[in-house]
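Okay, thanks for making time for this one.

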Amino acid sequence: DWECSDEGCRREEGEPCDSNTLCDHGLSCQYNSALAETGICKEVKGLACTVYNHTYGNGDTFMLDCRTQCTCQDGRYACASLCPKENISPLGISCRHPRLVDIPGQCCREWMCDSHSAELPPPECRYSPWTACPDECGAGLSRRQQSSPQCAQYNETRLCQLRPCPEPGLLQHLQTSYYHTTHRLRKGHECKATRRANRAVRLRFASCLSVKRYRPKWCGDCVSLVCIPELSTT
């Protein structure tokens, strides 16, 4: 029996065919030569496809991975992406540094952008000047504040010392020989700008003692005048 439609009656396998008659689905009209006017309806058997050590028959559809689907066509295979949005990179200033990222529980990756705020440089924080060392001798605390409104408000504190305090009697002699070095004063000068300890010492403030040793530098002494530094650093 022939299958008939608006296109005509289709011939089954093994039946004669020509340019005016169609073969049934899955069959094609095979001619013995290029000059032959009639042929025979035969089944088309395409070649299989071997992909990554797996063989797929002609017409088979298979997955390379969860994002790629392929079809074998007579020994060759063609593939299409199941995640077409991965191939469309977002453009414009609204998406900076676009990149594909994996989403847990999802095969298709998604585009991720850096926000515009991430590109802005951090605000420049300004500080108030360090306060002067509060005591004329001995260790004290110098402070400053962060004064920029766009930055977090906080205070900083660090140790300062203008000069060591003198101690009476033997302790004063030991301290003087321990801390002071001999400086030659220029003619017409009675003050030495700065002095430094002879050797490294641990700094003490209240009940705290530094772990490291330092050679602190402080304001110099005067022979006959009481000198006050115009500028001090901490």
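Predicted model: local features only at pLDDT ≥ 70, side-chain atom pairs only at ≥ 80, totals over all residues.

What does the surface look like in terms of carbon and sulfur atoms? The accessible surface comes to about 17800 Å², and carbon and sulfur atoms hold 52% of that. On contacts: take those in the protein with a separation of 6 or more, and 29% of them are between residues 24 or more positions apart.

Okay, now the backbone. Quick reminder: most residues other than glycine have a negative phi. Here are two that go the other way.

Start with N53. Its phi is positive, near 70°, and it isn't a glycine. Where is N53? In the loop that runs between β7, residues 49–51, and β8, residues 54–56. And is N53 buried or exposed? Exposed, because its relative accessibility is 79% and the cut-off for exposed is over 50%.

The other one is D74, again not a glycine, with a positive phi near 50°. You'll find D74 in the loop between β10, which covers 68–73, and β11, which covers 76–81. The relative accessible area of D74 is 47%, so D74 goes down as partly exposed.

So, to recap the two spots: N53 has its positive phi in the β7 to β8 loop, and D74 has its positive phi in the β10 to β11 loop.

How values were computed
Residues numbered from 1 in each chain as written. Heavy atoms only, no water. Helix = DSSP H or I, 4+ residues; strand = E, 2+ residues; numbered from the N terminus. Buried < 20%, exposed > 50% of the residue type's maximum accessible area, 1.4 Å probe, protein only. Contact = heavy atoms within 4.5 Å. Areas by Shrake-Rupley, 256 points an atom, 1.4 Å probe, with all protein chains shown as cover.
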